[in-house]
Structures are given as C-alpha cells and as structure tokens.
Amino acid sequence: MLSMDEMVPAYGGNLKIDEVKALWEAGVDTPDIDKQLLMDYLCGTMHREDVPKDSRAHGDIGNTETIFKGQLAKARKTGQVKSILLNMGSLLCTVEMERNGMFVDKELGLKLASELKAKLEQITTELRKYLPDDLPFDFNWSNRYHLSPLIFGGKVKYEKRTPILDENGKQAYTQKDEKHLYLKSKPKATFQTMAVEDWLRLERKRLANPS
C-alpha cells in the first residue's frame with residue numbers, strides 16, 4: 001500500500017509539513033504542539049493571505065480530498081466504481097461479522113445481567129418512595145412528561161376509562177345486547193316486547209306481593 005506522501009504528487013497535491021511529524025517523532029504530545037502549526041498541517045495554508053501563493057499547501061485534509069477526487073475520476077473513466085465499492089475493507093468486514101457473528105461469553109453476560117437487574121430493582125424501589133401513594137397511572141421513569149412534574153412540579157395528562165351514566169345514575173351503554181320476550185297483550189298495549197331482565201324483576205315483585 002502506497003503512503004500519502006508517495007501518492008499525492010501524482011494527483012497535484014503537496015507533501016505535508018515536516019515539522020509536525022518531526023515533533024511527534026521527538027516525543028512531543030499533540031496538545032503541546034503550536035496550534036497554528038497543527039492547523040496548517042491539517043487544513044493547509046491555501047486560505048491564508050499572509051502566505052505567498054507559491055508557498056501555500058493543501059494540508060492533510062486537502063491532500064486526502066485531492067487524491068480521492070483524482071482516483072474517483074480514474075475509476076469512473078475505467079468503469080471500476082462498483083468494483084471498488086464492493087471490495088472496500090469496511091464492507092467486507094461487515095459481511096464477515098454478520099456471517100460469523102461475534103464471540104460472547106454467555107455465562108459472564110448472564111451473570112452481569114443478573115447483577116444489573118438486582119441493582120436496577122434496588123434503585124427503582126428507592127425511587128418509588130418519591131411517588132405519591134395514590135398515583136392514578138403507571139409512572140414511567142423514562143418519560144420526560146412524567147419526570148418533569150415530579151422534579152419541578154406540575155400536572156401530568158393521562159388516559160383513564162370513565163363510566164358514562166344515564167339520567168338515573170346507572171351505567172349507560174352505547175351498544176348492548178339484550179334478550180327480549182314477546183308479550184301477549186291487547187293491540188293498544190304500549191309495549192309489545194320486554195327485556196328479560198325487566199320481566200324477571202316484575203316477576204320477583206309479583207311473587208313478593210301476591211294479590
């Protein structure tokens with residue numbers, strides 16, 4: 001594999017600043033190198049007005065871009081773009097990992113999971129002490145709309161089933177199946193049928209108060 005210094009002249013770039021490399025080889029840590037020198041090493045001096053045009057350089061990033069554009073143009077010209085994409089190391093690595101998987105110490109993993117579960121239950125038990133005893137909904141610790149009122153105060157909107165009552169205060173139904181009895185009555189009778197429940201109720205009254 002060719003190094004960047006070997007490739008960059010062929011694509012119109014330039015060699016990187018040697019001072020930074022020399023400092024690294026001398027054992028100087030990156031944070032201790034002059035910031036402007038590092039910026040020139042990475043970003044180049046093409047944008048600096050205080051540097052003569054014939055002395056300006058692309059820098060590490062600019063050289064990488066220059067090489068990439070040159071190689072991409074060659075690949076398009078020779079029809080190699082698809083081949084290059086399919087043979088990229090990262091893609092091959094991904095295929096390999098997806099095919100063979102990754103070794104996992106299952107026994108250790110289950111042990112750690114058990115320890116974390118116990119710790120989570122302990123922490124959750126401690127946190128529940130901060131919740132009201134008569135909370136009318138299931139508190140979700142990962143829900144910011146639940147956490148914010150608990151910490152800073154406020155109200156929580158929640159869904160709750162509420163009964164719909166009729167004028168007599170009894171449960172009203174939008175749809176309900178009922179069994180009805182056909183009544184033998186005079187033609188002018190008000191009711192031709194009666195719900196079984198109503199009939200049984202009347203029957204109980206009749207038996208309780210025989211005439």
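Q: Buried means under 20% relative accessible area, exposed over 50%, and partly exposed in between (1.4 Å probe, protein chains only); which of these is Trp-24?
A: Trp-24 counts as partly exposed, because its relative accessibility is 37%. The model is a predicted one, in which local features need pLDDT of at least 70 and side-chain atom pairs count only at pLDDT 80 or more, while totals for chains, interfaces and linings use all residues. Residues are numbered from 1 along each chain as its sequence is written, and side-chain values use heavy atoms, with hydrogens and water left out.

Q: What is Trp-24 paired with?
A: Trp-24 pairs with Tyr-41: the ring centres are 5.4 Å apart and the planes stand at 85°, so the pair is edge-to-face. Rings of Phe, Tyr and Trp (its six-membered ring) pair if their centres lie within 6.5 Å; planes under 30 degrees apart are stacked, over 60 edge-to-face, and the rest tilted.

Q: And where do the two residues sit?
A: Trp-24 lies in helix α2 (residues 18–25) and Tyr-41 in helix α3 (residues 35–43). They are 17 residues apart, and the pair links distant parts of the chain.

Q: Is Tyr-41 buried or exposed?
A: Tyr-41 is buried, with a relative accessible area of 8%.

Q: How many aromatic pairs are there in the structure?
A: The structure holds three. One of them joins Phe-139 and Trp-141, edge-to-face, with 4.7 Å from centre to centre and 65° between the planes. Phe-139 counts as buried at 17% relative accessibility, whereas Trp-141, at 25%, counts as partly exposed.

Q: Changing topic, how many helices and strands does the protein have?
A: The protein has nine helices and two strands. Their order along the sequence is α-α-α-α-α-α-α-α-β-β-α.

Q: Is the protein spread out or compact?
A: Its radius of gyration is 41 Å, well over the 17 Å that the globule rule gives for 211 residues, so the protein is more spread out than a compact globule. The C-alpha trace spans about 125 × 50 × 50 Å along its principal axes.

Q: What share of the residues is buried?
A: Buried residues make up 15% of the 211. The accessible surface comes to about 19000 Å², and 57% of that belongs to carbon and sulfur atoms.

Key:
Helix = DSSP H or I, 4+ residues; strand = E, 2+ residues; numbered from the N terminus. Rg over C-alpha atoms; globule rule 2.2 N^0.38 Å. Areas by Shrake-Rupley, 256 points an atom, 1.4 Å probe, with all protein chains shown as cover.
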